[in-house]
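Visitor: Please show me the model, and let us then discuss how its chains meet.

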Number of protein chains: 2
Amino acid sequence: MNARRNFLKGIGAAAAVGAAAPALAETSPDVEWRIASSFSPALDLIYGGGETLARTLADLTDGHFKLKISPAGEIAPAGEALDAVESGKADGAHTALAYAWNKDPSFIFATATPFGMNARQHTAWLAEGGGGGLIDDLLAEHKSMAIPAGNTGGQMAGWFRKEIRNVQDLQGLKIRLGGFAGKILQSLGAEPVAMPKDGVFNALQSGSLDMFEWLGPYDDEKFGQPIAKAAPNYYYPGWWKGGMQLHLVVAKDKYEALPHTYKSALRAACAVADRDMLAKYDAANPAAVKRLVVGGASLRLFPQDVMEACYKTASDLYEQLGADNPHFKKLADSYLGFRADQYLWWQVAEYSFDNFMIRQRHAKT
Amino acid sequence: MNARRNFLKGIGAAAAVGAAAPALAETSPDVEWRIASSFSPALDLIYGGGETLARTLADLTDGHFKLKISPAGEIAPAGEALDAVESGKADGAHTALAYAWNKDPSFIFATATPFGMNARQHTAWLAEGGGGGLIDDLLAEHKSMAIPAGNTGGQMAGWFRKEIRNVQDLQGLKIRLGGFAGKILQSLGAEPVAMPKDGVFNALQSGSLDMFEWLGPYDDEKFGQPIAKAAPNYYYPGWWKGGMQLHLVVAKDKYEALPHTYKSALRAACAVADRDMLAKYDAANPAAVKRLVVGGASLRLFPQDVMEACYKTASDLYEQLGADNPHFKKLADSYLGFRADQYLWWQVAEYSFDNFMIRQRHAKT
């Protein structure tokens with residue numbers, strides 16, 4: 001009888017543990033999400049941002065919440081990552097939301113806009129200036145939401161066969177440059193050309209293409225062919241990408257169904273990827289730009305009249321789009337208002353410090 | 001016998017479960033750390049960085065790993081946070097490591113140095129340029145290690161009763177400014193004055209103090225008294241704090257004893273606090289600087305000869321300290337080398353973009 005009682009006790013203990021298991025499973029369920037990256041692994045720092053995110057998330061959840069990152073083209077083409085999330089083909093996407101600008105031009109404010117803000121200001125707008133909420137309002141129609149997850153910092157404007165001396169030099173210029181910036185240069189006389197990446201080098205050499213835009217020194221150097229040989233004029237600033245903000249876009253219902261700790265873990269992992277990617281680009285670009293110059297690139301600043309003409313065209317375009325599209329108007333008002341205040345302050349502490357440090361470097365060399 | 005066998009099986013199951021329990025306890029033990037903040041809650045964004053960190057960490061660990069943040073003075077005075085961690089009075093500190101510069105001047109490289117780097121460049125140095133490892137080498141003697149956890153961005157140089165027209169105007173200037181920057185201005189003729197914060201306003205009014213340094217617009221506005229009434233010349237750039245990097249300093253043995261997920265959670269929570277604090281300062285400073293100007297502050301740029309004299313003095317001081325102190329030499333070589341490369345690249349994409357945006361804002365107004 002004693003043995004029997006102990007036996008039941010044993011069963012009881014086992015049963016109690018059995019009952020506890022579902023509760024444990026609820027707080028730490030095994031979740032695996034398929035994430036469509038909009039990038040190729042060859043862009044190792046941008047694509048790598050998704051991997052940093054996945055690794056951090058697995059660390060934070062003891063391996064219970066995993067992301068499987070798929071390169072662009074595997075689940076969806078680069079430009080259709082948002083569609084993949086909306087249709088359920090993917091649970092999330094690591095992407096530049098501006099790629100969805102043909103759905104609604106308002107999406108550009110999530111990533112980068114011509115004459116927008118630099119990376120740090122953009123981060124402040126998303127987190128503290130109401131930008132993140134406005135982007136999520138926009139994504140609600142697509143049953144999605146977005147978390148900032150990486151920034152490249154300011155990029156270059158790209159590679160030009162010939163020098164650009166004034167606005168007239170844009171006339172008839174055959175450019176491989178999409179989106180908003182392509183539209184702006186087009187309205188100033190340039191001719192956007194669609195062309196697969198692999199054809200670019202030969203097209204630049206033969207003269208069937210005059211200008212090609214990629215990213216910044218670190219990625220441009222690894223383009224595969226030495227672009228400087230075909231188009232040595234490497235222009236800056238990349239006025240349509242003062243920074244390039246990436247997001248993790250996720251299906252809203254799937255996010256809402258996550259346990260509280262998983263939501264926190266996903267957000268924190270995105271924050272880690274966000275800071276990490278920018279630091280990696282900042283650390284890698286200086287050496288890359290030096291090597292590119294040794295390899296024949298000429299760093300050139302756009303003439304002031306070209307910058308001003310592009311600025312005016314961009315401002316007109318913002319106004320025009322805002323008149324037709326209430327989403328766009330709301331985002332533009334918030335974004336451009338925040339930008340004005342940011343640069344009012346930036347010129348004081350940040351810019352004046354950078355200015356002196358840059359002048360001092362020149363004085364020494 | 002059958003019952004007996006089942007009984008043993010039952011015991012076996014219970015024992016197996018019993019053995020599993022400590023493993024569970026090991027992966028999610030309840031941990032609470034006392035953190036000495038070097039700041040007063042009145043500096044709500046800096047002090048708040050510690051609170052953001054604590055809240056995020058609790059969210060990530062389902063409340064199992066908690067930080068109890070204590071204001072400066074409770075566990076240790078602001079400047080002795082590192083000692084508190086070393087002696088075990090605190091498990092960690094949310095602090096500016098530069099406060100320990102009288103222990104070893106090398107600590108300035110963790111936080112901000114005269115004519116150092118801006119916040120983003122400093123982050124890149126810590127994460128990707130070897131800076132974080134060098135800071136941890138320095139902290140090993142204090143049985144500690146550090147994780148970046150907040151940055152204020154570039155600050156102002158402070159409030160001056162009179163205009164500074166040239167280097168001669170620094171002669172005999174009574175300044176309330178400590179650390180490295182105080183030493184530099186002292187060697188150019190200024191006289192550092194020690195004075196409790198509460199006496200500053202009256203001292204400025206009476207003329208027993210000529211200059212007072214605090215942080216940036218957002219914090220300076222909440223100083224308690226309208227500083228602009230007593231010392232209206234608000235100078236920039238704050239050349240000794242192109243950014244102000246905060247760290248969570250923790251006892252190394254306690255960190256090493258944490259389960260892997262807790263280590264990841266602590267690092268991720270610090271990354272969240274790091275990005276969050278900078279975004280909050282960036283969002284809050286523009287409106288604050290406008291209100292300060294309305295309240296009588298005159299924004300003034302240091303004359304070029306003052307900046308150059310300070311730069312030269314700082315460079316000489318770096319060299320001098322490096323000759324005596326191998327720690328300092330190692331850190332200075334790494335830091336200043338990284339800075340040179342950063343500004344080489346910064347002037348291309350980032351600075352030229354900011355430059356155009358600032359000029360354009362002026363053209364419009």
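Guide: Chain B and chain A bury about 7,500 Å² between them, with 68% of it on carbon and sulfur atoms; buried area is the accessible area (1.4 Å probe) that two parts lose on being put together, summed over both. This is a predicted model, in which local features need pLDDT of at least 70, side-chain atom pairs count only at pLDDT 80 or more, and totals for chains, interfaces and linings use all residues. Residues are numbered from 1 along each chain as its sequence is written, chains are lettered from A and ligands numbered from 1 in the order in which they are written, and side-chain values use heavy atoms, without hydrogens and water.

Visitor: Which three residues supply 10% of the area that chain B buries against chain A?

Guide: The contact (heavy atoms within 4.5 Å) takes 81 residues from chain B and 82 residues from chain A. More of the area of chain B than from any other three residues comes from B:Arg275, B:Trp345 and B:Phe353.

Visitor: How many salt bridges are there between chain B and chain A?

Guide: A salt bridge is a side-chain nitrogen of Lys or Arg within 4 Å of a carboxyl oxygen of Asp or Glu. One such pair is A:Asp341 and B:Lys290, at 2.7 Å, N to O. Between chain B and chain A the count is eight.

Visitor: Through which surface do the copies meet?

Guide: Of the interface residues of chain B, 99% are also interface residues in chain A. The copies therefore meet through the same surface.
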